[in-house]
Amino acid sequence: METLKRSSKVWLRELRSNLNIFWGTIESEISKNGAASYVFPLQRCIFGFLCASLAGVDVSVSPDIAESGWKTLNTWLALQVIPTTKLGVLPQPLEEILLHTWAYPSQIVAGNYKKLYDFIDENAGDCIRCGQEDFGLTREEAIHNLLFVMGFNAYGGFSVFLPSLIGRITGDSGLQERIRSEVRRVCGSGSDLDYKTVNEMELVKSVVYETLRFSPPVPLQFARARKDFQISSHDSVFEVKKGELLCGYQPMVMRDGNVFDEPDEFKPDRYIGQTGSELLDYLYWSNGPQTGTPSAANKQCAAKDMVTLTASLIVADLFLRYDSITGDSGSIKSVVKAT
Ligand code: HEM
């Protein structure tokens, strides 16, 4: 949380300058090849942005890390999440037996992880010092923890979430028109895009929330009960004993027909207005309600508000650059520059 707080001073500037590079790459790919696969360029952009904002390091100080760091994170993440993630690449029970039974050997990625470790060790002095002096971590712990938050929580989370958000928008020209007019109305007549203006964009925020409800980036949560307690659903009460393993499945929680009207429909306006904003109590993508507060005593995403704010900024930035965009969750086929 302290790292996030420190990064908030440069967050917006770094986000927009890395988005500039990203959209530049996409435009030149489209003009060369007629379409652009965007997931890898987006990951490179997220990596550069997070190095600058969270670790305070301009990734260009190491061309090798700028080129390979995000690829290393992809391998490092895959080894950790494959054992608990439904891939659907093999028929069951083969997927369970072959992919979900063992932990994968860390040696596969150890050499490249060490390069990332050294990069942080050599360049992220201020952030490491904060971990050591203000929070009593050893230098090693500070570096591994910073890499974990950057690489797993932030890079991993955004890598899953942003393609589903971009795919949702690129596939719906009617929605684009409405978002574009909201963004241009709020940012018109001299006011720039910033935390305050983006907060006035009700439709942009609602689309971000609805994407998180519809396709929660982290679908499963596990926890062991710390004490005996009861848990209630709409019509039943369940006894839970201390030590029992609980699993929460977000796609089911957030498509509860008692709470969400037409739960299987993507409704861009769902969270607008008084009744809409009351639904935020039931938006659980961050492992807690969107109206909750992450703290050391719970397991809610520390960046709950930064994530929705950043995603809203990305959408607003898109419609300040372009009038329209076509594509899907993997590739962009065309962009029409803002007139
Ligand atoms: C789209 C992006 C993100 C998503 C979808 C996401 C989602 C989540 C979820 C579901 C959890 C709970 C994990 C569990 O205990 O099962 C979590 C925890 C956490 N997230 Fe995020 N997150 C994102 C971005 C970030 C960012 C940008 C940061 C920090 C810079 C961050 C920091 C954390 C931390 C530190 C925790 C652990 C909290 C704890 O255990 O007390 N997350 N996140």
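**Pocket, helices and iron**

A: The lining of the second largest pocket has 11 nonpolar residues, five polar and three charged. Here Ala, Val, Leu, Ile, Met, Phe, Trp, Tyr, Cys and Pro count as nonpolar, Asp, Glu, Lys and Arg as charged, and the others, Gly among them, as polar. The model is predicted, so local features need pLDDT of at least 70, side-chain atom pairs count only at pLDDT 80 or more, and totals for chains, interfaces and linings use all residues. Residues are numbered from 1 along each chain as its sequence is written, and side-chain values use heavy atoms, leaving out hydrogens and water.

Q: Which helix gives the most to that lining?
A: Helix 3, with seven residues. Helices are DSSP runs (H or I, at least four residues), numbered from the N terminus.

Q: At what angle do helix 3 and helix 4 pack?
A: About 105°, with axes 9 Å apart. Axes are lines fitted to C-alpha atoms over the stretch in contact, and angles run from 0 to 180 degrees between N-to-C directions. That makes helix 3 roughly perpendicular to helix 4 (65 to 115 degrees).

Q: Which residues of helix 3 meet helix 4?
A: Phe40, Gln43, Arg44 and Phe47. Their partners in helix 4 include Trp70 and Leu73. Contact means heavy atoms within 4.5 Å.

Q: New topic. What is the protein donor of the ligand's iron atom?
A: Cys301 (SG) is the only one, at 2.3 Å. Donors are N, O and S atoms within 2.8 Å of the metal (3.2 Å for Na, K and Ca).

Q: Where is Cys301 found?
A: In the loop between helix 13 (273-278) and helix 14 (304-321).

Conventions:
Helices (H or I, at least four residues) and strands (E, at least two) are DSSP runs, numbered from the N terminus. Angles under 35 degrees count as roughly parallel, over 145 as roughly antiparallel, 65 to 115 as roughly perpendicular and the rest as oblique.
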